[in-house]
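Here is a short walk through a protein complex, one selection at a time.

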Amino acid sequence: MSDTQERWGIPGTYVFDLALSRQGYAINKMCNSLKFDENREAFKADEEAYMERYGLSEEQKQAIRERDWLRLTQLGGNLFFFLKLGATLGYGLYTIGAQMRGESYEQFMSTRNVPGAT
Amino acid sequence: MGKIVAGIGSSHVPSIGRAYDQQKQTDPAWQPLFDGYEPVKRWLAEEVKADVVILVYNDHGTEFFLDCYPTFALGVADSYAVADEGYGKRPLPDFPGDAAFSEHLANHLVADEFDLTLCQEMALDHGFLTAMPLLWEHDDTAWPVKVVPLLVNVIQHPLPTGQRCYKLGEAIRRAVEAYPEDTRVAVVGTGGLSHQLNGERFGHINEEWDKQWLQRIQDEPRELAALSHKEVMTAAGAEGGEVIMWFVMRGAMTERVEEVHRFYYAPMTTGIGLLALNNSD
């Protein structure tokens, strides 16, 4: 259980409250910058330098190195912002979601009512 | 004087925008959705004939960042740009505003104790864009209605309560009715229904809850608005908590409402709801 789960008590859910937002501010600020093409290029050219520039903690950097979206969420990353990181790295919403559920993309899609509606 | 002539609740989902832009209206996975909106589009064009739409939405990390996040923000501009959400700008015309009407709303709502952030520039993302082309016919350059965007913070808790959103709707009704021009106003509340985009529970939807919502928001909106965020998110998913934006629409309508049309479809990760309401008092 992470702190946000203790605060809210909804299993498998990380409510983005102010405490979590403050914890993940560096992640989200960095991800927000990736809305601009030149920043996406700079990130891809040197991820470590880019993360350093935004002051991410070692734990946060490691989650990004491992493309570990669940961990990134637990550390305060907000999906609406880290989708820009996903887009930079070639990870779409459903790929990210399947990984957070601990499933393959195919397994996740098989749980949907109309998997063609993507 | 101003008059509220329609209340609409509608989900906003980026994949709907992509399907629309890629002209998937007859794709078997998407046709039910586009067909589901068609009667409301016709009703709006042929009977409602609104001059301006107040559309209640949230931004998704497009225009507003967490450095300074408004709880409620009202557009007061002559026009609003279609935002680029990182995949290129959608091929939709920018939106005409109604700055005089927005200014009236701002003056009236702040005097009525709703202390809004006022925005003279506001690029609009899928929170705003999804419903518009499904509800109003447009060509390459123009929309048939003017718009007033009203943003609600549903991203970072503390969110406003459902009751606060309902009361904001009531205040909007008073403001509209105090507007001296003969202006027909539609109010659209967007978001929901059930969905969750974070954690191990990613992809959670609750079709039963959604279907009840579409009825209860008509019959007992105050009881619904009194639910806590935790109760709503437990049932409808963390991002499902954004349904509070429908209360702004519902609060702007009369006590009793008449259902014009209802549609529900849950193909992927969001329970997509559409509800069109008429005032009956």
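A crossing of two helices is called right-handed if the near helix is turned clockwise from the far one by less than a right angle, and left-handed if it is turned anticlockwise. Keep that in mind for the second stop. Remember, too, that this is a predicted model.

**Stop 1: confidence.** Colour chain B by pLDDT. The average for chain B is 97, and 100% of its residues score at least 70. For the complex, the predictor reports an ipTM of 0.96 and a pTM of 0.97.

**Stop 2: a pair of helices.** Select residues 162-177 of chain B, which form helix 6, together with residues 244-252, which form helix 10. Their axes come within 6 Å and cross at roughly 35°. Which hand does the crossing of helix 6 and helix 10 of chain B have? It is right-handed. Now show the side chains: on helix 6 of chain B, the residues that meet helix 10 include B:Cys165, B:Leu168, B:Gly169 and B:Ile172. Helix 10 of chain B brings B:Met245, B:Phe247 and B:Val248, among others. By class, the residues of this contact are 10 nonpolar, three polar and four charged.

**Stop 3: into the core.** Leaving aside residues up to four places away in sequence, B:Val248 touches B:Val56, B:Leu150, B:Cys165, B:Leu168, B:Gly169, B:Ile172 and B:Gly189. The largest nonpolar core has 115 residues, and those touching the most other members are B:Val56, B:Met245 and B:Val248.

**Stop 4: a buried leucine.** Go to B:Leu129, in helix 4 (residues 126-129) of chain B. Why is B:Leu129 counted as buried? Because 23 other C-beta atoms lie within 10 Å, and the cut-off for a buried residue is 20 or more. Beyond four places in sequence, its contacts are B:Gly17, B:Val82, B:Arg90, B:Leu92 and B:Leu124.

**Stop 5: where the chains meet.** Show both chains. The contact draws 28 residues from chain B and 34 from chain A. On the chain B side, helix 9 (residues 229-236) gives the most, with three residues. That side has 14 nonpolar, 11 polar and three charged residues.

**Stop 6: over to chain A.** Finish with helix 9 of chain A, residues 93-101, whose buried residues are A:Ile96, A:Gly97, A:Ala98 and A:Met100. Their cover includes helix 7 (69-74), helix 8 (79-89) and helix 10 (105-109) of chain A. Just after helix 9 of chain A, look for A:Gly102, which takes a positive phi of about 75°.

Key: Residues numbered from 1 in each chain as written. Chains lettered and ligands numbered in written order. Predicted model: local features only at pLDDT ≥ 70, side-chain atom pairs only at ≥ 80, totals over all residues. Axes fitted to C-alpha atoms, helices over the stretch in contact; angles between N-to-C directions. Helix = DSSP H or I, 4+ residues; strand = E, 2+ residues; numbered from the N terminus. Contact = placed C-beta atoms within 7 Å. Nonpolar A, V, L, I, M, F, W, Y, C, P; charged D, E, K, R; others polar. Core = buried A, V, L, I, M, F, W, Y, C linked by C-beta atoms within 7 Å. Buried ≥ 20, exposed ≤ 12 C-beta atoms within 10 Å, placed from the backbone. pLDDT = per-residue confidence, 0-100.
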